[in-house]
Amino acid sequence: MITTRLSRRHFIGASAGAVGALALTSVGDASAAPAAERTWSGGRSKNGWQVLKTAKSFRVEGSDRSVQLADGDAATVLLHLVRRINYEMYSLRSGDVHGWTDDRKVKEEYESNHLSGTAVAIRPAAYPVGSKGNLYPNELVVVRDILTELDGVVAWGGDFETPKESHFEIAVTPGHPRLKGVARKITGWEAGPGNEGAGAVDAFAPERRRRAEAFVRRTA
């Protein structure tokens, strides 16, 4: 199954290379200066999830990387996101993926979501707090398609007032029915024949592009 998905990824990469001007572009290149580093003292992270003392480690399918996340629906959704980025944007290398941490030092409040295992940062050194407009147009198409597929359950730091384009977080509270529904959909794809889900998606297909554009307008 992994072999089939990897070959699909190569097809998508070829499609991405052929893309010229795209409708889904970054909202300017302006960068907001990050706040000074401070300590998060709460028992819950910014998104309302319980801060964890430790978190389970999960392997990222299609790579030799692993990431620590809150077990359950949050992990199901975030792992799907990371897998798609690995398949469709760039192969993950050592140190590229950051999940749960017990380090309470944050520059922005949304970084506290790592404490609850409900956020991932992918290549945070390349896409730090306060920097915006760093993704190539074809990469942005993939990100928008993923966010649309996840039905607003995940928020992207590139859309925040103080941006961090490496940051993705669970944007709903624990037990939210939309989170449960998206996680159930992903679990169904994973149990299926492999023609749906991460590695079997063409983010550049016209219908998917239309849905992503509509989603951006609806959630702006």
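**Entry 1. Overall layout**

I began with contacts in the protein chain between residues at least 6 apart in sequence: 72% of them join residues at least 24 apart. I note here that this is a predicted model. I then looked up burial, and buried residues make up 50% of the 220 residues in the protein chain. For secondary structure I found 5 helices and 8 strands. Along the sequence I read the pattern α-β-β-β-α-β-β-β-α-β-β-α-α.

**Entry 2. The sheet**

I traced an open sheet of 4 strands. Its order is S4-S6-S8-S7, and the pairing is antiparallel. Which strands form the edges? I found S4 (97-98) and S7 there, each pairing on one side only. I then checked S6 against S8: they pair in the antiparallel sense over 3 bridges. I looked for the bridge partner of Val120 and found Phe168 in S8. I kept Phe168 in mind, as later entries return to that residue.

**Entry 3. The hairpin**

I moved to S2 (residues 56-59) and S3. These strands pair in the antiparallel sense over 4 bridges. I took Lys56 and found its bridge partner in S3 to be Leu69. The hairpin of S2 and S3 has 6 residues between the strands. Gly62, in this hairpin, takes a positive phi near 85°.

I then compared the two faces of S3. Val67 and Leu69 make up the covered face. Ser66 and Gln68 make up the uncovered one. I recalled a general point: in a regular strand the side chains alternate between the two faces of the sheet.

**Entry 4. The nonpolar core**

I looked up the largest nonpolar core and found 43 residues in it. Which residues have the most contacts inside this core? I listed Val77, Leu81, Val154, Phe168 and Ile170. Next I asked where the core draws its residues from. S3 (66-69), H2, S6, H3, S7, S8 and H4 (177-191) each supply at least two. H2 gives the most, with 8 residues.

As a general remark, nonpolar side chains tend to be buried together in soluble globular proteins.

**Entry 5. Aromatic rings**

I counted 2 aromatic pairs. Why is the pair of Trp156 and Phe168 stacked? The ring centres are 6.5 Å apart and the planes stand at 20°, under the 30 degrees that sets the limit for stacking, so the pair is stacked. I placed Trp156 in S7 (residues 154-156) and Phe168 in S8 (residues 167-170), so the pair ties together parts that are 12 residues apart in sequence. Both Trp156 and Phe168 are buried.

I also looked at the ring of Tyr90. Arg123 lies over its face, at 3.8 Å from the ring centre.

**Entry 6. Salt bridges**

I found 13 salt bridges in the structure. I took up three of them in turn.

I started with Glu88 and Arg84, whose side chains meet at 2.7 Å, N to O. Both lie in H2 (residues 73-88), 4 residues apart, about one turn of the helix. Are Glu88 and Arg84 buried or exposed? I found both of them buried.

I went on to Lys164, which forms a salt bridge with Glu111. The closest N and O atoms are 2.7 Å apart. I placed Lys164 in the loop between S7 and S8. Glu111 sits in the loop between S5 (105-106) and S6 (119-122). The pair links distant parts of the chain, 53 residues apart. Lys164 and Glu111 are buried.

I then took Glu149 and Arg208, whose side chains meet at 3.1 Å, N to O. Glu149 lies in H3 (residues 137-149) and Arg208 in H5 (residues 206-219). How many residues separate this pair? I read 59, and the pair links distant parts of the chain. Both Glu149 and Arg208 are buried.

Last, I looked for salt bridges joined in a network. I found Arg84, Glu88, Asp145, Glu149 and Arg208 linked in one.

Technical notes: Residues numbered from 1 in each chain as written. Predicted model: local features only at pLDDT ≥ 70, side-chain atom pairs only at ≥ 80, totals over all residues. Heavy atoms only, no water. Phe/Tyr/Trp six-rings, centres within 6.5 Å; stacked < 30°, edge-to-face > 60°. Buried < 20%, exposed > 50% of the residue type's maximum accessible area, 1.4 Å probe, protein only. Lys NZ or Arg CZ within 6 Å of the ring centre and 35° of its normal. Salt bridge = Lys/Arg side-chain N within 4 Å of Asp/Glu carboxyl O. Core = buried A, V, L, I, M, F, W, Y, C linked by side-chain atoms within 4.5 Å. Pairing = 2+ DSSP bridges. Contact = heavy atoms within 4.5 Å.
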